[in-house]
Amino acid sequence: MSNFAKAFSLFMGASFIGSLTQIAKGKITAVTIGAAGVGVLNQVTTVWSLFAVIAGLGFYTGMVRHLAQNWNDNNTTRFRCHMSSSYLFLLCFALLVAAAGCFSSAAISTLVFADSGQHAGYICLALLSVPIFVMGQLYRAMLNASKSVPSLVKARIGADVASVIALAILIYPFGLKGAVLGYIALHLLFLLFGAFYTRKTLGPEYLLPSPGLFQWSEIRLNAGFGANGMAVVITGILTTLIISRAIIEGEGLAENGIYTMALKVATVYLGALSASAAGYYLPSLSAARKDEDFF
């Protein structure tokens, strides 16, 4: 079996387990907070997705490419330099984006719910996890670039399974707020699992960034990768928000909850293919040095 086929199989298994956990969390959420609560939660998490994309600046693909090249060349100093530069820059930017989102949460709530800011607290709470997500993506990029597929899959499965338990613990006493906290827990858990497997697989020197290795030139390497990807993703998110707002205004939050659950079920099945492409195929192509490697 080829390395790509093995990676695809591993990601397929992770996606299958991830799908099961999504179903479990969807069931818990729907039963506990009802269709209307699901409709609110979806709008909040979609807003979160928009801010997470902005906070990441579309650097992820560029990071995987450059980290993969450095790893293939055994250039550990340059690998750590790129990691440290990206980590520190994106973390600071993500904190600013999250703060701006919380400051304008009432206006955002009015835009996506047409509710005069009544759901601002939920939006602000969710946006607090944007920096957590960005840090988790840094560990994911390092594991992807080094083609540490088993470690990446274990981190993903661990976070998915543990997030079901976290959601169940939080949602019953806290309702909708607990559902938002459960969503935050998923990203916090992936950060913790990602950091653990990065340290275990790559070594402790890759766990935290070194301010002394920060270089603006490494940031500029990724700047060109983000624009196109961000434009596509942001357009898709905005379209989803517009459609959901129209459903909320025309039919109500409960109908939006039913729509969003159906949409989630319909979009989980290609997870393994996209994860394999990002987790193995992209770093393999990035590390290629001659035509034979590309073939």
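The following conversation asks how some descriptions of this predicted model are reached.

Student: What should I know before reading the values?

Tutor: This is a predicted model, in which local features need pLDDT of at least 70 and side-chain atom pairs count only at pLDDT 80 or more, while totals for chains, interfaces and linings use all residues. Residues are numbered from 1 along each chain as its sequence is written, and side-chain values use heavy atoms, with hydrogens and water left out.

Student: Why is Ser109 called buried?

Tutor: Buried means under 20% relative accessible area, exposed over 50%, and partly exposed in between (1.4 Å probe, protein chains only); Ser109 has a relative accessible area of 0%, so Ser109 is buried.

Student: What makes α7 roughly antiparallel to α8?

Tutor: Helix α7 (residues 149-174) and helix α8 (residues 176-201) pack at an angle of about 155°. Angles under 35 degrees count as roughly parallel, over 145 as roughly antiparallel, 65 to 115 as roughly perpendicular and the rest as oblique, and therefore α7 is roughly antiparallel to α8.

Student: Why is the aromatic pair of Trp48 and Phe133 called edge-to-face?

Tutor: Rings of Phe, Tyr and Trp (its six-membered ring) pair if their centres lie within 6.5 Å, and planes under 30 degrees apart count as stacked, over 60 as edge-to-face and the rest as tilted. Trp48 and Phe133 are 5.1 Å apart centre to centre, with 80° between the planes, and form an edge-to-face pair.

Student: How do you know whether Trp48 is buried or exposed?

Tutor: Trp48 has 4% relative accessibility and therefore counts as buried, whereas Phe133, with a relative accessible area of 22%, is partly exposed.

Technical notes. Axes are lines fitted to C-alpha atoms, for helices over the stretch in contact, and angles run from 0 to 180 degrees between N-to-C directions. Helices (H or I, at least four residues) and strands (E, at least two) are DSSP runs, numbered from the N terminus.
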